[in-house]
Structure formats: structure tokens, C-alpha cells
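Hi,

Here is the structure I promised to hand over. Have a look first, and then read on for what turned up in it.

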Amino acid sequence: MQCPEIKGLSFDQSSVDAINQIKAIQQLGTMLTALIGTSVMVEIFAGNGGIKKPSSAAWGISQYDWFQWSQAMVSVPSFVRHRVRMIAFEEYNKHHSGNEHEFWRAVMNGCGY
């Protein structure tokens with residue numbers, strides 16, 4: 001979808017709150033992705049409270065459930081997009097016409113993220 005150019009756009013308080021909520025969700029998604037990515041390294045190399053020997057780390061790498069880890073990594077952005085669309089849908093239904101209506105329709109369709 002090509003994102004529309006919306007001139008003279010101003011937001012009411014409901015839209016401002018929704019935009020802030022979207023920003024928070026996007027930041028949390030970024031932090032969650034970093035946490036998931038870091039946790040595997042901690043689990044493999046630090047283990048139960050200490051630095052593992054190279055042989056233990058190698059065994060940990062070979063035994064780690066990489067498929068489940070990759071599914072977790074992939075699901076975070078998908079979850080964030082879903083939440084953004086849900087918020088946009090709610091705001092779209094609150095604004096029945098005008099620039100805000102057009103803006104939230106565009107966000108629902110993927111513009112802005």
C-alpha cells in the first residue's frame with residue numbers, strides 16, 4: 001500500500017494517547033527481541049551461575065532448541081504489528097471522517113511501521 005500524504009493533520013487526545021501507546025509497544029517489542037537474543041547467550045555460556053567450560057558451551061550450543069528460539073524471535077515483530085493494527089482499528093472507528101480517520105486507516109493498512 002502506498003501511504004497517503006495527509007495535510008493539515010492534527011490529533012485529538014484519544015489519538016495522541018493511541019500514538020503514545022503504539023510507541024510504547026514498539027519500544028517493548030525492541031527490548032523483548034534484544035532480551036530473547038541475549039538470553040540464549042547467557043544460557044549457553046554462563047549456565048547455572050558461572051562461565052561454562054568450552055566443552056560445556058559447545059554441548060549447550062548443540063543441544064539448544066534453536067527452532068523454538070527462532071520462532072520466538074520471529075513472533076515479536078508480528079505481535080507488535082498486530083497490536084498496532086488493533087489500536088489503529090479502535091481509533092479508526094472513533095474518527096468517522098476527516099484527516100484522523102484517513103490517518104488511522106493508513107496505519108491499519110501498514111503505514112508508519
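This is a predicted model: local features need pLDDT of at least 70, side-chain atom pairs count only at pLDDT 80 or more; totals for chains, interfaces and linings use all residues.

**The disulfide**

C3 and C111 form a disulfide, with 2.1 Å between their sulfur atoms (a disulfide here is a pair of cysteine sulfur atoms within 2.5 Å). The torsion about their S-S bond is about -105°, so this disulfide is left-handed. Distant parts of the chain are linked by it: C3 sits in the segment before α1 (13-46) and C111 in the segment after α4, 108 residues apart. Helices in these names are DSSP runs of H or I with at least four residues, strands are runs of E with at least two, and both are numbered from the N terminus. The structure holds one disulfide.

How accessible are the two partners, C3 and C111? C3 counts as partly exposed at 41% relative accessibility, while C111 is buried at 9%. (Buried means under 20% relative accessible area, exposed over 50%, and partly exposed in between, with a 1.4 Å probe and protein chains only.)

Residues are numbered from 1 along each chain as its sequence is written, and side-chain values use heavy atoms, with hydrogens and water left out.

The mean pLDDT (the predictor's confidence in each residue, from 0 to 100) is 86 for the protein, and 81% of its residues reach 70 or more.

Several residues of α4 are buried, among them E100, H101 and V107. After α4 comes G110, which has a positive phi near 110°.

There are two aromatic pairs in the structure (rings of Phe, Tyr and Trp, the last by its six-membered ring, pair if their centres lie within 6.5 Å; planes under 30 degrees apart count as stacked, over 60 as edge-to-face and the rest as tilted). F11 and F103 make an edge-to-face pair, 5.0 Å centre to centre with 70° between the planes. Because F11 lies in the segment before α1 and F103 in helix α4, this pair ties together parts 92 residues apart in sequence. The rings of F103 and W104 have centres 4.9 Å apart and planes at 80°, so that pair is edge-to-face. Within it, F11 is partly exposed at 33% relative accessible area, and W104 is buried at 0%.

Best wishes
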